[in-house]
Amino acid sequence: MKIAIIMGSISDLPVMQDAIDILKSFGIETITDIVSAHRTPEKLFDFSKNAHLRGISVIIAGAGGAAHLPGMVASMSPLPVIGVPVKSSNSIDGWDSILSILQMPGGVPVATVALNGAKNAGILAAQIVGAHDPSVLERIISYKESLKEAVSKSALGLQ
Ligand code: RP5
């Protein structure tokens, strides 16, 4: 069982690294690749049609601008696709990325996270896997516990 993290450009990596890091911290195997909807369309087709045959269970796809990657992957893959709108340097405040990924037609869902929300994409992917894998579920429970503890600690000393 692996989670794929793909992105439209190497320039998306600083954002998408958060998904890789959180999944590694959960002990989940990841594969990472650059797949551009517009510049490598044949690779996009090949990846989308075959990801489920390669032991991949969830696909996280990040892109910016005219961000067609997550939607096009979702159009061809039977796997759940989580979309990460990336605020690329030439974007219109990130709205172009958000709306391109969010506004999918009925029948072709992409679970869209916040702008640059790759960390949440990683957590959501782990939760999907955790629904069928008790050891991953345990790690999600511990992670949520650590969030609670961090907030409690931050409140110490307040009157
Ligand atoms: C999109 O265009 C990529 O996902 C990236 O966010 C944006 C800019 O790409 P580069 O020009 O940096 O390769 O396709």
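This is a predicted model: local features need pLDDT of at least 70, side-chain atom pairs count only at pLDDT 80 or more; totals for chains, interfaces and linings use all residues.
Residues are numbered from 1 along each chain as its sequence is written.

**Exercise 1. Work out the strand order of the open sheet and find its edge strands.**

Solution. Start with the elements: helices (H or I, at least four residues) and strands (E, at least two) are DSSP runs, numbered from the N terminus. Two strands pair if DSSP finds at least two bridges between them. The edges are β2 (29-34) and β5, each of which pairs on one side only. As a check on one pair, β1 (residues 2-7) and β2 are joined in the parallel sense by six bridges; I5 has T32 of β2 as its bridge partner.

**Exercise 2. Find out which strands helix α1 touches and what angle its direction makes with that of β1.**

Solution. Contact requires C-beta atoms, placed from the backbone, within 7 Å. Helix α1 (residues 13-25) packs on the sheet and touches β1, β2, β3 and β4. Next, take the axes: lines fitted to C-alpha atoms, for helices over the stretch in contact, with angles from 0 to 180 degrees between N-to-C directions. The directions of α1 and β1 make about 175 degrees.

**Exercise 3. Is A114 buried, partly exposed or exposed?**

Solution. First locate A114: the loop between β5 (111-112) and α5 (118-130). Then apply the cut-offs to other C-beta atoms, placed from the backbone, within 10 Å: 20 or more is buried, 12 or fewer exposed, and in between partly exposed. A114 is partly exposed because it has 13 C-beta neighbours inside 10 Å. Along the chain A114 and P85 are 29 residues apart, yet their C-alpha atoms are separated by 6.9 Å.

**Exercise 4. Decide how covered helix α3 is, and by what.**

Solution. Of the eight residues in α3 (residues 69-76), six are buried: L69, P70, G71, M72, V73 and A74. Their cover includes α2 (41-50), β3 (56-64), β4 (81-86) and α4 (95-102).

**Exercise 5. Which residues have the most contacts inside the largest nonpolar core?**

Solution. Such a core is a set of buried Ala, Val, Leu, Ile, Met, Phe, Trp, Tyr and Cys residues joined through C-beta atoms within 7 Å. The largest one has 42 residues, and I59, I60 and A125 have the most contacts inside it. Helix α5 gives the largest share, six residues. Not counting residues up to four places away in sequence, A125 touches I3, L23, V58, I60 and I82.

Key
Two residues are in contact if their C-beta atoms, placed from the backbone, lie within 7 Å.
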